[in-house]
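My notes follow in the order in which I looked.

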Amino acid sequence: MTKSSEIDQFDQKILDALVEDGRMSITDLSERVGLSKTPCQARLRKLIDTGYIDGFKAILNPAKFGLDHVAFAEVKLTDTREQALLSFNNAVKKIKEIEECHMIAGRFDYLLKIRTSDIRRYRIVLGEKISSLPFVASTSTNVVMQAVKESWS
(Lines give C-alpha, C1' and ligand atoms only; values in the text may rest on other atoms or scores of the structure.)
Protein backbone atom coordinates (compact mmCIF):
# COMPACT_ATOMS: atom_id res chain seq x y z
CA MET A 1 0.00 0.00 0.00
CA THR A 2 1.05 3.58 -0.56
CA LYS A 3 2.08 5.42 2.55
CA SER A 4 0.29 8.60 3.57
CA SER A 5 1.85 11.40 5.58
CA GLU A 6 -1.03 11.03 8.07
CA ILE A 7 -0.15 7.48 9.10
CA ASP A 8 3.04 6.16 10.64
CA GLN A 9 4.82 2.82 10.44
CA PHE A 10 2.61 1.22 13.11
CA ASP A 11 -0.56 2.29 11.31
CA GLN A 12 0.84 0.91 8.06
CA LYS A 13 1.68 -2.40 9.77
CA ILE A 14 -1.89 -2.59 11.09
CA LEU A 15 -3.31 -1.94 7.62
CA ASP A 16 -1.01 -4.49 5.99
CA ALA A 17 -1.87 -7.14 8.59
CA LEU A 18 -5.62 -6.59 8.24
CA VAL A 19 -5.49 -6.69 4.44
CA GLU A 20 -3.84 -10.08 4.78
CA ASP A 21 -6.28 -11.30 7.47
CA GLY A 22 -9.24 -9.09 8.32
CA ARG A 23 -10.46 -11.52 10.98
CA MET A 24 -7.29 -11.24 13.04
CA SER A 25 -7.98 -10.74 16.75
CA ILE A 26 -6.77 -7.57 18.43
CA THR A 27 -4.39 -9.73 20.47
CA ASP A 28 -2.83 -11.24 17.34
CA LEU A 29 -2.80 -7.85 15.61
CA SER A 30 -1.04 -6.14 18.50
CA GLU A 31 1.61 -8.91 18.63
CA ARG A 32 2.09 -8.70 14.87
CA VAL A 33 2.68 -4.93 14.82
CA GLY A 34 4.66 -4.72 18.07
CA LEU A 35 2.23 -2.74 20.22
CA SER A 36 0.28 -3.61 23.33
CA LYS A 37 -3.45 -4.22 22.91
CA THR A 38 -4.76 -0.85 24.14
CA PRO A 39 -2.69 1.39 21.83
CA CYS A 40 -3.20 -1.04 18.95
CA GLN A 41 -6.96 -0.95 19.48
CA ALA A 42 -6.89 2.88 19.67
CA ARG A 43 -4.94 3.07 16.40
CA LEU A 44 -7.34 0.65 14.73
CA ARG A 45 -10.33 2.74 15.86
CA LYS A 46 -8.61 5.90 14.52
CA LEU A 47 -7.91 4.21 11.15
CA ILE A 48 -11.61 3.31 10.93
CA ASP A 49 -12.83 6.73 12.11
CA THR A 50 -10.58 8.63 9.69
CA GLY A 51 -11.65 6.50 6.72
CA TYR A 52 -8.47 4.55 6.03
CA ILE A 53 -10.51 1.41 6.70
CA ASP A 54 -13.93 1.47 5.05
CA GLY A 55 -15.14 -1.72 6.70
CA PHE A 56 -14.74 -5.44 6.99
CA LYS A 57 -16.45 -8.05 4.87
CA ALA A 58 -16.37 -11.66 3.84
CA ILE A 59 -14.80 -12.26 0.45
CA LEU A 60 -16.89 -14.89 -1.28
CA ASN A 61 -15.54 -17.40 -3.78
CA PRO A 62 -17.48 -16.78 -7.02
CA ALA A 63 -16.63 -20.23 -8.41
CA LYS A 64 -18.48 -21.88 -5.51
CA PHE A 65 -21.60 -20.07 -6.73
CA GLY A 66 -21.01 -21.07 -10.33
CA LEU A 67 -20.02 -17.53 -11.30
CA ASP A 68 -16.64 -18.04 -12.88
CA HIS A 69 -17.24 -16.27 -16.20
CA VAL A 70 -15.84 -12.72 -16.15
CA ALA A 71 -16.08 -10.22 -18.96
CA PHE A 72 -15.21 -6.56 -19.26
CA ALA A 73 -17.58 -4.47 -21.33
CA GLU A 74 -16.51 -1.16 -22.81
CA VAL A 75 -19.53 1.13 -23.03
CA LYS A 76 -19.85 4.20 -25.21
CA LEU A 77 -22.72 6.60 -24.48
CA THR A 78 -24.75 8.76 -26.84
CA ASP A 79 -24.67 11.67 -24.37
CA THR A 80 -22.07 12.53 -21.73
CA ARG A 81 -23.71 15.55 -20.16
CA GLU A 82 -24.06 15.38 -16.38
CA GLN A 83 -27.71 14.28 -16.33
CA ALA A 84 -27.01 11.45 -18.77
CA LEU A 85 -24.05 10.28 -16.69
CA LEU A 86 -26.12 10.34 -13.49
CA SER A 87 -28.90 8.41 -15.18
CA PHE A 88 -26.46 5.76 -16.44
CA ASN A 89 -24.68 5.56 -13.05
CA ASN A 90 -27.92 5.04 -11.13
CA ALA A 91 -29.18 2.39 -13.53
CA VAL A 92 -25.92 0.42 -13.61
CA LYS A 93 -25.96 0.10 -9.81
CA LYS A 94 -29.16 -1.96 -10.07
CA ILE A 95 -27.63 -4.76 -12.17
CA LYS A 96 -26.29 -7.43 -9.81
CA GLU A 97 -24.05 -9.05 -12.44
CA ILE A 98 -22.00 -5.85 -12.73
CA GLU A 99 -19.28 -6.09 -10.09
CA GLU A 100 -17.51 -2.87 -11.00
CA CYS A 101 -18.23 0.20 -13.09
CA HIS A 102 -15.58 2.81 -13.90
CA MET A 103 -15.91 6.02 -15.89
CA ILE A 104 -12.98 6.11 -18.30
CA ALA A 105 -11.14 8.92 -20.05
CA GLY A 106 -10.40 7.38 -23.42
CA ARG A 107 -11.99 5.89 -26.52
CA PHE A 108 -15.08 4.72 -24.56
CA ASP A 109 -16.95 6.13 -21.57
CA TYR A 110 -17.31 3.26 -19.06
CA LEU A 111 -15.62 -0.03 -18.28
CA LEU A 112 -17.84 -2.63 -16.60
CA LYS A 113 -16.71 -5.83 -14.93
CA ILE A 114 -19.47 -8.41 -15.31
CA ARG A 115 -19.57 -11.80 -13.60
CA THR A 116 -21.96 -14.53 -14.80
CA SER A 117 -22.18 -18.32 -14.90
CA ASP A 118 -21.18 -18.66 -18.55
CA ILE A 119 -21.02 -16.91 -21.93
CA ARG A 120 -24.70 -17.61 -22.65
CA ARG A 121 -25.77 -15.87 -19.46
CA TYR A 122 -23.37 -13.02 -20.23
CA ARG A 123 -24.97 -12.60 -23.66
CA ILE A 124 -28.39 -12.28 -22.00
CA VAL A 125 -27.12 -9.76 -19.43
CA LEU A 126 -25.45 -7.75 -22.19
CA GLY A 127 -28.43 -7.83 -24.52
CA GLU A 128 -31.25 -7.35 -22.04
CA LYS A 129 -29.70 -5.29 -19.26
CA ILE A 130 -26.51 -3.49 -20.27
CA SER A 131 -27.59 -2.53 -23.80
CA SER A 132 -30.84 -1.22 -22.31
CA LEU A 133 -29.12 1.14 -19.89
CA PRO A 134 -29.81 4.84 -20.49
CA PHE A 135 -27.81 6.48 -23.28
CA VAL A 136 -25.86 3.35 -24.34
CA ALA A 137 -24.68 3.77 -27.92
CA SER A 138 -22.42 0.73 -28.21
CA THR A 139 -20.57 -1.92 -26.25
CA SER A 140 -17.47 -4.02 -26.82
CA THR A 141 -16.67 -7.13 -24.79
CA ASN A 142 -13.38 -8.55 -23.58
CA VAL A 143 -13.65 -12.01 -21.98
CA VAL A 144 -11.28 -12.93 -19.16
CA MET A 145 -9.28 -16.11 -19.75
CA GLN A 146 -7.53 -16.10 -16.36
CA ALA A 147 -7.56 -13.77 -13.36
CA VAL A 148 -3.97 -13.21 -12.29
CA LYS A 149 -4.66 -10.66 -9.51
CA GLU A 150 -8.00 -9.27 -8.43
CA SER A 151 -7.54 -7.56 -5.07
CA TRP A 152 -6.29 -4.05 -4.39
CA SER A 153 -3.65 -5.13 -1.91
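**Cores.** I began with the largest nonpolar core, which has 19 residues. A nonpolar core here is a set of buried Ala, Val, Leu, Ile, Met, Phe, Trp, Tyr and Cys residues joined through side-chain atoms within 4.5 Å. Buried means under 20% relative accessible area, exposed means over 50%, and partly exposed is in between (1.4 Å probe, protein chains only). The members that touch the most other members are Val75, Phe88, Leu112, Ile114, Ile130 and Leu133. I then noted that at least two residues of this core come from each of strand E1 (69-77), helix H4 (82-92), strand E3 (110-116) and helix H5 (119-130). Helices (H or I, at least four residues) and strands (E, at least two) are DSSP runs, numbered from the N terminus. Another core, of 13 residues, lies apart from this one and includes Leu15, Leu29, Leu35 and Leu44.

**Source notes.** The model is predicted: local features need pLDDT of at least 70, side-chain atom pairs count only at pLDDT 80 or more, and totals for chains, interfaces and linings use all residues. Residues are numbered from 1 along each chain as its sequence is written, and side-chain values use heavy atoms, with hydrogens and water left out.

**H1 and H2.** I looked up how helix H1 (residues 9-20) packs with helix H2 (residues 26-33): the angle is about 130° and the axes are 9 Å apart. Axes are lines fitted to C-alpha atoms, for helices over the stretch in contact, and angles run from 0 to 180 degrees between N-to-C directions. H1 is therefore oblique to H2. Angles under 35 degrees count as roughly parallel, over 145 as roughly antiparallel, 65 to 115 as roughly perpendicular and the rest as oblique. Phe10, Lys13, Ile14, Ala17, Leu18 and Glu20 of H1 meet Leu29, Arg32 and Val33 of H2, where contact means heavy atoms within 4.5 Å.

**H1 and H3.** For H1 and helix H3 (residues 37-49) I found an angle of about 75°, with the axes 10 Å apart. H1 is therefore roughly perpendicular to H3. On the H1 side the contact uses Phe10, Asp11, Ile14, Leu15 and Leu18, and on the H3 side Cys40, Arg43, Leu44 and Leu47.

**Ser140.** Is Ser140 buried, partly exposed or exposed? Ser140 counts as partly exposed because its relative accessibility is 33%. I placed Ser140 in strand E4 (residues 136-143). Leaving aside neighbours within four places in sequence, Ser140 is in contact with Phe72, Ala73 and Glu74.
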